[in-house]
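This report describes the structure shown below, from its overall form to individual side-chain contacts.

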Amino acid sequence: MNFGRLMNVVAAAAIEGVAEARARIFGHVLNPTGQRSSHKVLRKKLIGEKVSQWYPHDIMKDDPLVMARQEQERLSKLEMLKRRGKGPPKKGQGKQAKKRNK
């Protein structure tokens, strides 16, 4: 009886050693307990670099003349809206302030 148990222990140790060696040789992660790990997610290649390469470089953000022109257009549109009475209200005179003051 004792001999059979000893053989089972030796066989289990041999299998464990082979599994460790196989994991080391082939670069696998050994998980004998079967617990969940994030290895599957972490071994994937990162895609951020490919995504950023797909979209062209936006030269409008780098050029100060383009940004200044857009800001000037925004300010002129805002001035036109104010002349018609459609501009943003002064601070403390918007919808929420009117509701609170009632």
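Which element of the chain has the lowest mean pLDDT, and which the highest? Helix H5 (residues 95-101) has the lowest, at 79, while H4 has the highest, at 92.

## Model and confidence

The structure is a predicted model. Over the chain, pLDDT averages 85, and 98% of the residues score at least 70. Where pLDDT is low, predicted coordinates should not be read in detail.

## Overall architecture

The chain contains 5 helices and 0 strands. Along the sequence, its pattern reads α-α-α-α-α.

Taken along the principal axes, the box filled by the C-alpha atoms is roughly 100 × 45 × 15 Å. Burial can be stated for the chain as a whole: 4% of its 102 residues count as buried. The accessible surface amounts to about 10,700 Å², and carbon and sulfur atoms account for 59% of that area.

Helix H1 covers residues 2-26, a total of 25 residues. From its first C-alpha to its last it reaches 36 Å, close to the 36 Å expected at 1.5 Å a residue. Gly27 follows H1 and has a positive phi, near 75°.

Phe3, Leu6, Met7 and Val10 make a nonpolar surface patch of about 430 Å². Of these residues, Met7 is found in helix H1. Met7 counts as partly exposed because its relative accessibility is 45%, which lies between the limits of 20% for buried and 50% for exposed.

Helix H4 spans residues 64-83 and has 20 residues. Its reach from first C-alpha to last is 28 Å, close to the 28 Å expected at 1.5 Å a residue. H4 is followed by Gly85, for which phi is positive and near 80°.

How many salt bridges does a search of the whole structure find? The search finds 2. One joins Arg69 to Glu73, with the closest N and O atoms 3.4 Å apart. The other links the side chains of Arg74 and Glu71, at 2.8 Å from N to O.

Why are Arg69 and Glu73 separated by about one helical turn? The reason is that they are 4 residues apart in helix H4. Arg74 and Glu71 also both lie in helix H4, where they are 3 residues apart, about one turn of the helix. An α-helix has 3.6 residues a turn, so residues three or four places apart point the same way.

## Exposure of the paired residues

In the second pair, Arg74 is partly exposed, with a relative accessible area of 45%. Glu71 is likewise partly exposed, with a relative accessible area of 37%.

Conventions. Residues are numbered from 1 along each chain as its sequence is written. Side-chain values use heavy atoms; hydrogens and water are left out. Helices (H or I, at least four residues) and strands (E, at least two) are DSSP runs, numbered from the N terminus. The expected span of a helix is 1.5 Å times one less than its number of residues. Patches are made of residues with over 30% relative accessible area and no salt bridge: like charges are joined within 9 Å, nonpolar side chains (Val, Leu, Ile, Met, Phe, Trp, Tyr) within 5 Å. Accessible areas come from the Shrake-Rupley method with a 1.4 Å probe; for residues, only the protein chains shown count as cover. A salt bridge is a side-chain nitrogen of Lys or Arg within 4 Å of a carboxyl oxygen of Asp or Glu. Buried means under 20% relative accessible area, exposed over 50%, partly exposed in between (1.4 Å probe, protein chains only). pLDDT is the predictor's confidence in each residue, from 0 to 100.
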